[in-house]
Amino acid sequence: MSAQDTPPNTSAAPTGPRDTRGRPLRDLRISVTDRCNFRCTYCMPREVFGKDYAFLPHRDLLSFEEITRLAGLFVAEGVQKIRLTGGEPLLRRDIDRLVAQLATLPGIDLSLTTNGSLLAKRAVALKAAGLHRVTVSLDAIDEATFQKMNDADYPVARVLEGIAVAAAAGLGPIKVNAVIQRGVNEHAILDLARHFRGTPHIVRFIEFMDVGASNGWRLDEVVPSRELVDRIHAEFPLRSLQPQYAGEVAQRWAYEDGAGEVGVISSVTQAFCSSCSRLRLSTDGQLFTCLFAQSGTDLRTALRAGADDNTLRDLLRTVWTARTDRYSEIRTEDTARQQKIEMSYIGG
Ligand code: SAM
Ligand code: SF4
Ligand code: SF4
């Protein structure tokens with residue numbers, strides 16, 4: 001294994017700009033497409049994202065060269081981790097070429113979040129291009145629930161195959177993300193825990209969030225992560241683990257019998273805005289400082305008008321230093337109804 005094969009240690013103290021709450025810029029999420037081959041009911045419900053939905057035209061998408069140029073500037077301002085997402089990032093043609101370009105940026109931990117449906121085909125090329133890790137979303141391990149949630153007839157086996165091939169290619173240990181929704185897939189909590197116990201992979205249960213404006217979110221459909229942990233603990237005793245780095249989003253728990261680890265992401269019941277260091281770049285080059293943003297800052301126009309690096313850097317600094325976001329700390333049923341940007345566009 002060469003030095004580039006392993007993600008660099010990204011726990012160095014940040015040196016770049018701070019926002020109005022003193023938060024540094026550390027993580028960049030890049031959405032590479034707003035399209036997806038799934039129609040997860042909590043993210044891209046088919047009634048809204050149907051046949052007539054107007055996805056971005058190709059000319060509006062940032063090119064790989066444009067993305068890499070911006071990413072390089074962000075890295076110079078303190079970004080240590082880059083995650084490719086979407087929509088479904090593996091639908092973007094030649095995505096491994098973008099990975100190869102981003103992998104040349106110094107000291108970057110480079111990862112990708114995918115629904116896993118195309119991973120078995122792509123994992124080896126992604127690894128060869130320089131990707132360090134993948135996170136795979138999987139909301140249930142029984143066919144009926146999984147297909148009801150992805151609403152696109154994709155079988156569980158396809159995702160499990162993707163996880164296996166990615167792990168064999170050296171993209172593991174794999175984080176498996178599961179969004180838990182009350183009354184929809186609560187049984188998947190123990191099913192998933194049981195399935196991945198004893199493997200190096202880490203299931204992370206995510207509280208159902210009011211992202212976008214089309215998933216019909218209700219507070220009573222959120223399963224609080226405290227309850228989630230209690231349910232697993234009742235069958236497989238757990239002990240809490242210390243965070244691996246400041247601002248880690250998932251709370252980590254180890255099985256007391258040594259069978260591995262699970263995590264919970266409590267975005268609703270225990271907001272982590274105070275340490276949020278994430279910036280999001282949309283498919284068409286808008287910059288967003290919060291997952292629940294209602295507007296962003298257009299970088300593409302400046303980029304295509306020939307802006308030099310200093311101009312773009314000043315724009316980025318202005319955006320970050322003015323940042324005030326703390327949506328999850330102030331969420332109510334009313335704010336949930338606001339017209340927020342859709343997650344498939346802003347990048348989950
Ligand atoms: N398509 C890829 C996937 O599903 O992994 C990447 C993009 S997806 C928007 C990124 C993550 O956001 C997934 O793990 C998904 O489960 C999560 N997500 C989407 N909508 C959500 C919601 N309403 N609440 C919580 N998590 C959500
Ligand atoms: Fe697609 Fe991911 Fe959203 Fe599901 S969660 S619809 S796979 S973007
Ligand atoms: Fe960060 Fe916004 Fe989420 Fe708070 S609500 S943790 S500021 S993305």
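A charge is taken to sit over a ring if NZ of Lys or CZ of Arg is within 6 Å of the ring centre and within 35 degrees of the ring normal. In this predicted model, Arg 331 lies over the face of Phe 292, at 5.0 Å from the ring centre. Phe 292 is also one of the residues around ligand 3. The points below cover charges over rings, aromatic pairs, ligand shells, a pocket, backbone geometry and distances along the chain.

**Charges over rings**

- Arg 331 is placed over the ring face of Phe 292, with 5.0 Å to the ring centre.
- Tyr 255 has the charged end of Arg 197 over its ring, 4.7 Å from the centre.

**Aromatic pairs**

- A pair of aromatic rings is described by the distance of the centres and the angle of the planes.
- The count of aromatic pairs comes to seven.
- The ring centres of Phe 38 and Phe 146 are 6.2 Å apart and the planes stand at 75 degrees, so this pair is edge-to-face; the class requires an angle over 60 degrees.
- This pair links distant parts of the chain, 108 residues apart: Phe 38 belongs to the loop between strand 1 (27-31) and helix 1 (64-76), and Phe 146 to helix 4 (residues 143-150).
- Both Phe 38 and Phe 146 are buried.
- In the pair of Phe 49 and Tyr 53, the ring centres are 4.5 Å apart and the planes are at 40 degrees, so the pair is tilted.
- Phe 49 counts as buried because its relative accessibility is 2%, whereas Tyr 53, at 30%, counts as partly exposed.
- One aromatic cluster is formed by Phe 38, Phe 146 and Tyr 154.

**Ligand shells**

- Around ligand 2 are Cys 36, Phe 38, Cys 40, Cys 43, Met 44, Gly 87 and Asn 115.
- By class, the shell around ligand 2 has five nonpolar and two polar residues, and no charged ones.
- Around ligand 3 are Phe 272, Cys 273, Cys 276, Cys 290, Leu 291, Phe 292, Arg 323, Asp 325, Tyr 327 and Ser 328.
- The shell around ligand 3 divides into seven nonpolar residues, one polar and two charged.

**Second largest pocket**

- The second largest pocket holds about 350 Å³ of space.
- This pocket is lined by 16 residues, of which His 58, Leu 61, Leu 91, Arg 92 and Arg 93 are the closest to its centre.
- The lining of the second largest pocket comprises seven nonpolar, three polar and six charged residues.

**Backbone geometry**

- The peptide bond from Gly 172 to Pro 173 is cis, with omega near -5 degrees.
- Pro 173 is located in the loop between helix 5 (156-168) and strand 5 (175-180).
- Asp 94, a residue other than glycine, has a positive phi near 60 degrees.
- The position of Asp 94 is in the loop between strand 2 (81-85) and helix 2 (95-102), and its relative accessibility of 42% makes it partly exposed.
- Asp 151 is not a glycine either, yet its phi is positive, at about 50 degrees.
- Asp 151 occupies the loop between helix 4 and helix 5 and is partly exposed, with a relative accessible area of 29%.

**Separations along the chain and in space**

- Glu 333 lies in helix 11 (residues 333-336) and counts as partly exposed at 37% relative accessibility.
- Between Glu 333 and Arg 218 there are 115 residues in sequence, and their C-alpha atoms are 7.2 Å apart in space.
- Asp 334 is also in helix 11 and is exposed, with a relative accessible area of 54%.
- The C-alpha atoms of Asp 334 and Ile 108 are separated by 39 Å, and the two residues are 226 residues apart along the chain.
- Arg 122 lies in helix 3 (residues 119-129) and counts as partly exposed at 24% relative accessibility.
- Arg 122 and Arg 337, 215 residues apart along the chain, have their C-alpha atoms separated by 38 Å.

Key
Residues numbered from 1 in each chain as written. Chains lettered and ligands numbered in written order. Predicted model: local features only at pLDDT ≥ 70, side-chain atom pairs only at ≥ 80, totals over all residues. Heavy atoms only, no water. Near = heavy atom within 4 Å. Nonpolar A, V, L, I, M, F, W, Y, C, P; charged D, E, K, R; others polar. Phe/Tyr/Trp six-rings, centres within 6.5 Å; stacked < 30°, edge-to-face > 60°. Helix = DSSP H or I, 4+ residues; strand = E, 2+ residues; numbered from the N terminus. Buried < 20%, exposed > 50% of the residue type's maximum accessible area, 1.4 Å probe, protein only. 1 Å grid on protein atoms, 1.4 Å probe; cavity = no way out; pocket = protein on both sides within 12 Å on 5 of 7 lines; lining within 4 Å. Points joined across faces, edges and corners; volume = space filled by probe spheres on them.
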